[in-house]
Structure formats: structure tokens, C-alpha cells
Amino acid sequence: MSAAVTGVGGAERPGQVKMAQAVRHAIEHDEHVAVQAGTGTGKSLAYLVPAIRHAIESDNAVVVSTATIALQRQLVDRDLPRLAEALADYLPHEPQFAILKGRRNYLCRYKVTAAWPDEDGDDQLFDPREVSATGRMVQRIQEWAEETETGDRDELVPGVNEQAWRQFSVTARECLGAQRCPSGAECFAERARERAGNVDVVVTNHALLAIDAMEEFAVLPEHDVVVVDEAHELVDRVTSVVTDELSEVAVATTVRRVGRLIEQGVADRLQEAGEDLKALLAAAPPGRLDQLPQVLGDTLSVLRDSAFACITAMGSRGGDMWGGGKNDDPEKAGLRKAAFTALDELHDTSVRILEAFGGESEVERAEVVWLEGATDRRPALLKVAPLSVGGMLRDKLFADRTVILTSATLALGGTFEGMARQWGLGPARPDDGRQAHPEQDGPGASPEQHGEAGPERKAGQKRKDWVGLDVGSPFDHARSGILYVAKHLPQPGRDGLPKEYLDEITELIEAAGGRTLGLFSSMRAAKAATEALRERLGVPLLCQGDDSTSLLVKQFAEDPATCLFGTLSLWQGVDVPGPSLSLVIIDRIPFPRPDDPLASARQRHVAAKGGNGFMAVAATHAALLLAQGAGRLLRGQSDKGVVAVLDPRLATGRYGSFLRDSLPPFWTTSDPAKVRAALRRLTA
């Protein structure tokens with residue numbers, strides 16, 4: 001570890017060493033470990049050093065999974081190259097690494113040049129100006145395709161929208177396969193997979209990690225150790241992967257793909273079912289569906305049967321599942337495979353939604369169905385997702401691998417148990433003295449306290465132990481930061497920001513001389529505050545949506561007098577060390593919206609089993625976001641400032657202590673005069 005730190009020009013930190021020892025112990029003893037490591041700990045080195053050592057000694061790759069592109073790029077472009085060079089003299093060979101993403105993230109060379117089913121049938125849903133902008137993006141992709149060496153979508157800067165990109169990419173199900181595709185020998189996705197199969201460390205994302213764990217076929221190279229960085233986002237990312245949806249556009253696209261391959265009458269029945277679905281979704285109110293309306297059930301049944309009739313009419317998929325032999329026309333094979341893929345998705349999603357209502361009671365329900373209303377950019381969507389992904393993760397990810405989970409935010413309410421339960425893990429190893437005691441009936445309580453059964457194991461399957469470790473932070477939070485809870489303000493309502501909140505924000509920003517990141521629970525609140533305060537404040541005020549988020553953050557960081565207001569992506573995505581940020585304002589506790597279909601269904605499901613649904617779902621969600629938001633303040637050793645929470649419920653609510661225990665250990669006050677004085681001293 002010391003050689004690695006010295007080699008990259010850093011300084012060894014106690015928390016970093018402690019984390020590296022825990023990771024090495026977990027690998028050697030085949031157990032899982034969850035490590036909370038504050039900003040500045042150097043956690044990437046702490047897990048990479050023991051992981052690389054294991055990979056080279058065992059000749060078995062280690063997978064590192066992240067939630068964000070930014071961290072993937074940091075690992076591949078900065079951390080791993082420097083670390084590989086530093087460790088080269090201490091290992092049998094210099095560590096090798098590669099990045100691997102899902103097939104849809106790579107340009108399909110064949111699709112660039114070959115005819116393909118029309119993907120633009122939903123243009124009528126968009127503003128003509130957006131269609132024109134998409135056309136320009138398509139042209140830019142075509143030009144980029146002539147020069148790119150990787151085909152990686154993330155290297156196309158500025159980026160393009162999904163409508164443009166999907167015209168040049170394929171999913172794993174749509175891909176012809178390297179052996180049959182005329183461009184197989186130079187396929188970007190296959191090249192990336194080949195590189196990943198010959199390295200020690202494979203960097204990927206949570207979505208591909210989930211797909212690899214849950215599919216019948218391997219996507220990632222063989223591995224026995226997984227590092228999940230940004231682990232606080234694992235459940236949400238996995239949930240997104242296993243969420244399915246139906247829409248009029250999906251049916252129309254499928255009809256276009258299949259219409260030229262089967263009798264028109266069979267395709268027409270599928271089109272009619274799609275038109276019925278379109279009318280039904282347009283008339284239905286958005287929200288969670290607790291019961292299946294008969295008219296929707298009938299429509300889904302017709303859609304299912306029509307899709308199956310089309311599949312039957314397509315005939316045999318052939319020995320390789322997609323029809324014909326190796327000498328078939330690749331264009332024809334591509335059209336057939338695209339049609340089969342679309343039909344399978346329509347059929348299987350219809351079946352899944354119908355079966356989601358099979359349970360007679362809330363306790364028996366495993367999935368939730370809801371309708372998202374149409375917007376200017378997309379049609380109405382009928383969606384289905386699991387109430388929990390813990391069982392999938394337990395059986396598919398944790399059962400036969402050692403998993404290292406890390407983030408700056410894992411110990412919610414002072415314990416790891418809440419996050420562990422979402423991951424499908426049982427109670428921590430009993431003799432682990434490094435964890436706080438879970439609060440009774442809080443999110444950290446055991447599954448049994450929430451009315452849930454503990455993780456079931458297959459016969460003969462031994463549950464791996466796991467431990468939780470908080471290695472602290474290099475920052476002295478109590479001396480560097482203040483947590484200010486505005487107890488004197490009224491509770492937030494549903495009618496926008498109260499005048500008292502706007503007055504409080506004004507006084508705080510004036511005391512700070514700008515230098516403020518405003519984190520709001522909704523974009524509407526962020527824009528309302530911006531409009532109301534731009535005339536009152538004597539400092540520049542930016543709002544998310546004025547420009548790209550990256551440019552706004554750059555402008556904010558470069559001018560200490562500037563303030564930036566925004567919502568969710570700013571809660572977790574802003575890293576501004578130095579004098580440009582000395583005040584973080586949070587307008588209200590970020591509980592999920594009462595009408596959030598997935599969160600409300602999960603909350604009710606826990607309650608139906610006799611648990612505390614509010615604490616297990618809503619409070620855990622809020623604690624995670626609060627901790628992430630508060631973590632924006634201290635990003636460097638010399639940083640100082642204030643986190644101001646305007647919602648008095650953080651001090652007065654029965655759940656307040658749980659939420660406060662989830663935050664960094666700032667010095668806490670409810671005295672506005674002391675806070676304003678402290679902010680003025682920072683600008684003096």
C-alpha cells in the first residue's frame with residue numbers, strides 16, 4: 001500500500017490503510033465487506049491495491065463497478081494507469097485494465113452501413129425543431145463513425161440523444177453475433193469484450209454488472225471478486241435494469257419491423273392492439289395500479305396473443321435461434337432478429353404485467369405496475385418493476401463472489417443494516433464490533449423487525465458473512481462545518497416556497513457573499529427560488545436548466561460570488577473544492593413524493609408485513625439524499641462552511657435523530673445569528 005501511495009504522489013491516510021486491510025481480509029476469507037469512506041479518504045487506491053494483488057496471484061480478473069461515467073473515467077484515465085506503473089516492480093507483471101460497457105453503448109459498424117428497420121416512426125411525437133436537432137446528431141454520428149477507434153458512445157462529445165444513437169446501435173438481443181455479422185471482425189463491442197478478457201481489472205457499470213449476474217450467459221469475464229463503488233446507487237441501478245415498459249411507440253416500432261416479414265393481416269392485428277393500448281393509456285390517470293382494470297387486462301391479453309401470433313407466423317428461428325444458416329443474407333437475418341427481439345419484448349412484458357396482479361394480498365405481491373403520463377418528449381408508459389431486488393442480488397451476485405461495497409454514504413442512521421437489507425444480505429457477522437447498534441424500528445432494524453423474513457437460502461447454500469466498516473473521513477467535520485437546522489421556520493407545504501424560506505435564503509447568501517449551492521427537492525422549487533431571488537440578491541444566480549449542468553458547475557466553481565440552484569443531479573454530482581462553495585442550502589427533507597409509485601408500493605408492502613414502511617423506505621431514501629447533499633460542502637482539506645437545512649422537521653420530527661445520525665458529524669445549531677456570523681467570518 002505504501003509503495004502505491006508513494007508511486008502516485010500521495011500521502012498515506014489512516015482510513016485508507018484501514019480500508020485496504022479490510023478489503024484484503026474480505027478477499028482472503030471469502031466474505032463481503034461494506035466500507036463507508038468519506039471524501040478524501042482515497043478509497044479507490046484502498047480497494048484497487050488488494051484487488052490487483054488478488055487478480056494477479058489468482059490469475060482471475062477483478063471487476064470494479066461504478067454508477068457514474070465520471071468515476072469510470074477517473075479510474076481508467078487516472079487512477080489505474082498511475083497505480084499500474086507504481087506497482088509494476090512489486091508484481092509478476094504490470095497490472096492490465098480495461099473498461100467494458102453494455103453492447104448498446106458501442107457503435108454498431110454493420111448498422112452504420114446496412115439497411116435496418118426504420119426507428120423514426122415516433123417523430124410525430126416531437127417538436128419539428130427537435131426532429132431537426134436529431135437529424136444533425138445523426139449526421140455527427142456518421143462523421144464520428146469514420147474516425148472513432150473505440151465506438152464508445154461516451155467519447156462522442158457533445159453527446160447525442162437516445163433517438164439518434166439507437167439508429168447506430170443494437171442491444172445484445174438484436175445483435176447478429178460476431179460469426180454471422182459482416183462487420184463481426186471489426187465489431188467495437190466484441191473488441192472491448194476481447195480486451196476485457198485479457199486484463200486483471202475490468203471497470204464496468206452497475207447495469208452491466210446486474211445483467212451479467214442475472215442472465216444465463218456471461219457478459220463479463222470470469223471473476224470471483226467484485227468491487228461495487230458508489231454502492232449507495234446499486235439498488236436503483238439494478239431496479240432500472242429489471243424494469244420493463246409498454247407504450248404505443250414500442251408497438252408501432254414492432255409492427256414496422258415485422259410487417260415486411262409476415263402476412264399483413266397478422267401484423268394488422270398487432271397494430272390494432274397497439275392502437276387500443278394507445279387510447280387506453282391516453283385516457284387513464286397516471287399513477288400506481290393496485291388492481292388490474294378489466295379493460296386494461298383485456299387489452300394486454302390481446303396484445304400478448306397478437307405478438308405471439310406474429311412470432312408463430314415468423315416461423316422457425318433456426319438452429320442459431322434466428323433463422324437460416326450461416327450463408328443467409330446478413331441483412332435478412334438482421335431484420336428477422338430485430339423483429340423477433342421486439343416481439344419477444346412485447347409478449348413477455350404483457351405477460352409480466354398481467355401476472356403482477358396474481359397475488360391475492362399485498363404481502364404476496366412481488367411487483368408493482370404504474371402508468372407514467374405522456375410528455376412532450378415521449379408517450380405514456382405502462383411500467384412494471386420488482387418491489388425488491390434484494391433476492392436477486394443475494395442469489396445472483398453475492399452467492400458465489402466476494403463483494404466489496406463502498407461509498408461515502410452507507411451507514412444510514414449510524415448502521416449499515418438498512419442498506420444491507422436492500423442488497424439482500426442478512427444480519428452482519430455477530431462478532432463485528434465496528435458497527436453501530438440499529439435503531440429500533442428504524443431502517444437499520446433487522447428484516448424481522450420490519451415484518452420481513454430473513455434471506456432464504458437454497459439447500460446446502462452457505463451464507464457468506466459480511467461486515468460493515470466506517471473508516472471515517474480525513475476532514476474534521478466538527479471544526480470545519482456547521483449543520484444549521486432552521487427550527488424557527490414553518491414546515492414546508494405543497495404551495496411552493498413560503499416567504500419565510502425566501503427571506504432566510506437571502507440572508508444566508510448575503511452573509512456568505514454568494515458561494516452557495518442550493519439543493520431543492522423539485523425543479524419547480526429551484527426555478528421559483530431563482531426567479532424570486534435574482535432581483536433581491538447582488539450576486540450572480542444560476543439555475544439548473546439555464547445551460548448544461550457541467551457548464552453551470554464550471555461557471556459556479558470559477559466565480560466565488562456565484563450561486564447555483566438545482567435539484568437531484570446536483571445533490572450527488574457536484575465536486576467544488578475551495579472558496580467557491582461555503583454554503584449548501586437544502587430546502588426540505590427529500591422524502592420521496594407520496595405519489596411515487598415504486599416507493600409508495602414498497603412502503604405499503606413493508607407495512608403489510610407488519611413493519612415500519614415509512615422508516616424502511618421513505619426515511620432511508622431521505623437519509624441517503626441528505627447525506628449526499630451535505631457531502632457537497634467539504635471537498636478539500638481547507639474547506640469550511642455551513643449546511644443549512646430549512647426544514648424544521650430535521651430537528652422536531654420523530655425521525656429527526658435517524659436523519660441527523662446519517663449526516664457527517666458537523667457542529668450543530670439552530671441559531672440563525674450564529675450561522676450568519678460564521679459565514680461573514682469566512683468571507684472576511
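Me: In what order do the 4 strands of the open antiparallel sheet stand?

Reply: As a general idea, strands of a sheet pair through backbone hydrogen bonds, either parallel or antiparallel. In this predicted model, where local features need pLDDT of at least 70 and side-chain atom pairs count only at pLDDT 80 or more, while totals for chains, interfaces and linings use all residues, the order is β6-β9-β8-β7. Residues are numbered from 1 along each chain as its sequence is written, and side-chain values use heavy atoms, with hydrogens and water left out. Strands (E, at least two residues) and helices (H or I, at least four) are DSSP runs numbered from the N terminus, and two strands pair if DSSP finds at least two bridges between them.

Me: Which strands are the edge strands of that sheet, and how many bridges pair β8 with β9?

Reply: The edges are β6 (244–246) and β7 (287–289), each of which pairs on one side only. Strands β8 (residues 367–372) and β9 (residues 381–386) are joined by 6 bridges in the antiparallel sense, and L371 has L382 of β9 as its bridge partner. From one strand to the next the twist averages 30°, where angles run from 0 to 180 degrees between N-to-C directions and axes are lines fitted to C-alpha atoms, for helices over the stretch in contact. Helix α14 (residues 330–355) lies across β6, β8 and β9, and runs at about 100° to β6.

Me: How should I read the sheet of 7 strands, and what is its order?

Reply: The strands of this open sheet follow the order β3-β4-β2-β5-β10-β1-β11, with parallel pairing. Because β3 (97–99) and β11 (466–470) stand at the edges with a single partner strand each, one side of each is left without a neighbour in the sheet. Direction ignored, neighbouring strands are turned by 15° against each other on average.

Me: Which strands does helix α3 lie across, and at what angle do α2 and α3 pack?

Reply: Helix α3 lies across β2 (61–66), β4, β5 and β10, running at about 155° to β2. Helix α2 (residues 14–28) and helix α3 (residues 43–58) pack at an angle of about 30°, their axes being 8 Å apart. Their contact (heavy atoms within 4.5 Å) is made by residues including M19, V23 and I27 of α2 and L45, Y47 and H54 of α3.

Me: What is the value of phi at D30, and what is the peptide bond between V157 and P158, cis or trans?

Reply: Most residues other than glycine have a negative phi, and most peptide bonds are trans. D30, in the loop between α2 and β1, has a positive phi near 55°, and D30 counts as partly exposed because its relative accessibility is 42%. R515, found in the loop between α18 (499–512) and β13 (516–519), has a positive phi of about 55° although it is not a glycine. The bond joining V157 and P158 is cis, with omega about -5°, and P158 lies in the loop between α6 (128–145) and α7 (162–165).

Me: What is the mean pLDDT of the protein chain, and where is the pLDDT below 50?

Reply: pLDDT is the predictor's confidence in each residue, from 0 to 100. The mean for the protein chain is 88, and 91% of its residues reach 70 or more. The pLDDT is below 50 over residues 319–327, a stretch with 16 contacts in the model beyond near neighbours in sequence. It is also below 50 over residues 432–460, where the stretch has 69 such contacts beyond near neighbours in sequence.

Conventions
Buried < 20%, exposed > 50% of the residue type's maximum accessible area, 1.4 Å probe, protein only.
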